[in-house]
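Please keep the sequence and the structure in view while reading.

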Amino acid sequence: DDGALWLGDGSVAAARFLLEEPPREDAAPAVAALRDLGIRVKLSSGDAAAPVTAFADRLGIEHAESRQSPEDKLRGVRALQAGGRVVAMVGDGLNDAPVLAGADVSIAIGSGAALAHRAASLVLTAPSLLRIPAAVALARRTRRIVRQNLAWALGYNIVAIPLAAAGL
């Protein structure tokens with residue numbers, strides 16, 4: 001459980017291969033942009049604690065959980081939802097499909113597994129993770145415009161229709 005792959009005959013180790021998964025270049029800026037939008041970012045991984053903590057620290061993610069099975073991840077999403085949170089999940093693997101399906105909004109990485117794509121609400125076709133905070137900002141602007149349009153329509157119907165009915 002040291003983040004390495006060991007090769008041996010069962011009693012004697014012959015070689016040790018250190019496995020690392022460096023973050024994408026745009027991962028830290030994407031996390032920072034999400035935080036700037038008021039979004040709480042959490043990392044939930046099936047990997048061991050030490051690499052998950054180091055990875056989270058490199059990206060500036062304060063909340064990280066390790067050794068999470070797909071069921072554990074889904075339970076975590078359900079707990080957040082039960083607490084009134086709207087949960088967006090980003091994933092790319094086969095084991096992410098259940099939690100992607102259970103999240104309120106799910107985003108699959110385009111280079112990820114096809115099953116993750118089918119379970120997701122949105123698939124990133126561009127390689128940039130910065131598309132995620134951009135999508136959040138666009139969705140918020142769109143919601144604000146829709147609300148403004150509804151308010152104008154309501155105001156128009158409350159004022160103009162009675163005036164028209166009165167012949168004015």
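Among the contacts in the protein chain with a separation of 6 or more, 32% are between residues 24 or more positions apart; contact means heavy atoms within 4.5 Å. The model is predicted: local features need pLDDT of at least 70, side-chain atom pairs count only at pLDDT 80 or more, and totals for chains, interfaces and linings use all residues. Residues are numbered from 1 along each chain as its sequence is written, and side-chain values use heavy atoms, with hydrogens and water left out.

Six helices and seven strands make up the secondary structure of the protein chain, in the sequence order β-β-α-β-α-β-α-β-α-β-α-β-α. Helices (H or I, at least four residues) and strands (E, at least two) are DSSP runs numbered from the N terminus. The chain is more spread out than a compact globule, because its radius of gyration is 23 Å, well over the 15 Å that the globule rule gives for 168 residues. That radius is taken over C-alpha atoms, and the rule is 2.2 Å times the number of residues to the power 0.38. Along its principal axes, the C-alpha trace spans about 95 × 30 × 30 Å.

Of the 168 residues, 24% are buried, meaning under 20% relative accessible area with a 1.4 Å probe, protein chains only.

Strand β5 covers residues 88–91; M89 and G91 lie on its covered face, A88 and V90 on its uncovered one. Strand β6 (residues 105–109) runs parallel to β5 and is joined to it by four bridges, where pairing requires at least two bridges found by DSSP. Within this pair, V90 stands opposite I107 of β6.

Key:
Buried means under 20% relative accessible area, exposed over 50%, partly exposed in between (1.4 Å probe, protein chains only).
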